[in-house]
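Have a look at the sequence and the fold, then try each task before reading its solution.

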Amino acid sequence: MGKSINEIQEELIEEFGLFEDWADKYEYLIDLGKKLAPMSDAFKTEENVIKGCQSRVWLHAEKQGDLVVFQADSEAIIVKGMISMLIRVLSNQTPAAILAADLYFIEQIGMSQHLAQTRSNGLVSMVKQMQHYALAFS
Amino acid sequence: MADKLNIDQIRADFPVLHQQVNKAPLIYFDNAATTQKPKAVIDTLLAYYEQDNANIHRGIHTLAERATTAYELTRKKLASFLNAPSTDQIIFTSGTTAGINLVAQTFGRANVEKGDQIIVSNLEHHSNIVPWQMIAEEKGAEIKVIPVSNEGVLDMEAFKALLNPKVKLVAVNHVSNAIGTINPIAEIISLAHEVGAKVLIDGAQSVAHLAIDVQALDMDFFVFSAHKLFGPTGVGVLYGKREILESMPPYQGGGEMIKEVSFAGTTYNELPYKFEAGTPNIADVIAFGAALDYIQAIPAESLAAQEEALLAYATQKLQAIPGLRIMGTAPEKIAVVSFVIDGVHPQDIGVLLDKFGIAIRTGHHCAQPLMQRYELVGTCRASFAFYNTLEEIDRFVLCLEKTLQMLG
């Protein structure tokens, strides 16, 4: 049994709690973006694209057993860092858990600005799309 | 030699500039998106609502009289600012986009026919493309495009080759919002007139930087927004030649734009009211008058000298950054530097610079055809106003270098 969504959120909050200034926090976020597991090119299709005004996000989902597994990518590294965390929290969870998820960690680690910029980066649509997949797989 | 601006004194006039953003002093380099407002504009807006608020033109009471006078005074100031032959050729709109749509839906609808052509340039903002595509589609007309060079200069030979009697309208910007090129509008207008085409000049990006004389340039239409000229949002101006405006059908129907209404038929009001249906944005128009006063009180040569210094300094400092490429190197440019950096997404730069308290614009700047031309997803754009300083550019470049280290 893997960790629950809230257990992972708590881990992230603790990790980000180590940083005192924004630059350290963003360096860590950028690092997460760089380490994001690469998405197979086969999934980087027009169908999987979520268009932001400034950068695109690709999202692929599949069901493995009872769990939903996500892969995603973006052109922008900070968005990739955010994607990395969203995948860590929501991938390998059951559809029911994904649908019930309250992503409070984003505000707690001080990154809600990236989900407030609705038009620019596609992240809000990505979270919605992850929940749509969960619904489709439930 | 122009008198040097007293920048500290100028900056004191703009309250918004004096604040910390993300614990750093704000550096505002997004002036091409919107300019900041001097205190005089904010005070005028406040005073209007506190003392004079009334609906204009029809009321006979004192407040209505005061509001009407102040509103019409801005129109007079604009006629003088643009050197228009008369105040009734100054039409208030809600912005540049509204002005272009007005011309597309009135002049365009009345004059463009199947098989006709409308010429735009590859440098245009979406708002000077889409309204023409809409009318062209409706009428079965064609859109032709003036190509742009790698440096960001319009290909005038190609433009000449595009001109023919089927061209009904040429719509180009005076200055490119994305890369700052100043287009040769005098030549464009005179060439277009030779084939009988009318010309709409989108002045959104030029009014804050260049002197405009609609008569000397023989302009048919000139449109711009108050908010890019230190005035409030929600106000725009459409200047047009009298005979063209008079021949155009009205745009929106409603109050103010009519002379007499009956169910048997309606007669329309005269210029400019024919195109100003409904209660206008009274307060912001009046406050825009204060912006015009403010800007005209500073010697134009001093403003230009300050902007030239900012452009030259930013260009020189940015060029020294390895991997940085300036997009738009036209010999005639306003104080805008658009750039890309190898292997770095513009959005990442914008997000991190904001953390340093620096506001720039990143993305396609609503000019996707230009980005496609240069095969870019977008650029970073630093756009300056006379209240910006060389010291701000120093800190911007320093923070940009730090940003690149973080992303590297």
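The exercises below concern a predicted model, and each is followed by a worked solution.

**Exercise 1. The two domains of chain B**

Task: Find which residues make up each domain of chain B, and describe the side of domain 1 that touches domain 2.

Solution: Begin with the division itself. Domain 1 of chain B covers 7–30 + 300–407, and domain 2 covers 43–296. Their centres, taken over C-alpha atoms, are 29 Å apart. Next, turn to the contact, to which domain 1 of chain B gives 22 residues and domain 2 of chain B gives 22 residues. On the domain 1 side, the elements with two or more residues in the contact are helix H10 (300–319), strand E14 (336–341), helix H12 (368–373) and strand E17 (379–383) of chain B. H12(B) gives the most, with four residues. Finally, sort that side of domain 1 by class: eleven residues are nonpolar, six polar and five charged.

**Exercise 2. Where the chains meet**

Task: Work out which helix of chain A supplies the largest share of the side that touches chain B.

Solution: The contact takes 14 residues from chain A and 13 from chain B. On the chain A side, helix H2 (22–35), helix H3 (77–90) and helix H7 (118–121) each supply at least two residues. The largest share, five residues, comes from H2(A). By class, this side of chain A holds eight nonpolar, four polar and two charged residues.

**Exercise 3. A proline in a loop**

Task: Decide whether Pro232(B) is buried or exposed, and find its contacts.

Solution: Pro232(B) lies in the loop between strand E9 (221–225) and strand E10 (236–240) of chain B. Count its surroundings: 23 other C-beta atoms lie within 10 Å, so Pro232(B) is buried. Leaving aside neighbours within four places in sequence, its contacts include Val41(B), Ala287(B) and Phe288(B). Val41(B) is also among the buried residues of H2(B).

**Exercise 4. Backbone details**

Task: Locate a cis peptide bond in chain B and a residue with positive phi in chain A.

Solution: The bond from Leu271(B) to Pro272(B) is cis, with omega near -5 degrees. Pro272(B) is in the loop between strand E12 (265–268) and H9 of chain B. In chain A, Asn92(A) has a positive phi of about 60 degrees although it is not a glycine. Asn92(A) sits in the loop between H3 and helix H4 (95–100) of chain A. With 17 other C-beta atoms within 10 Å, Asn92(A) is partly exposed.

How values were computed
Residues numbered from 1 in each chain as written. Chains lettered and ligands numbered in written order. Predicted model: local features only at pLDDT ≥ 70, side-chain atom pairs only at ≥ 80, totals over all residues. Domains from an automatic or database assignment. Contact = placed C-beta atoms within 7 Å. Nonpolar A, V, L, I, M, F, W, Y, C, P; charged D, E, K, R; others polar. Buried ≥ 20, exposed ≤ 12 C-beta atoms within 10 Å, placed from the backbone.
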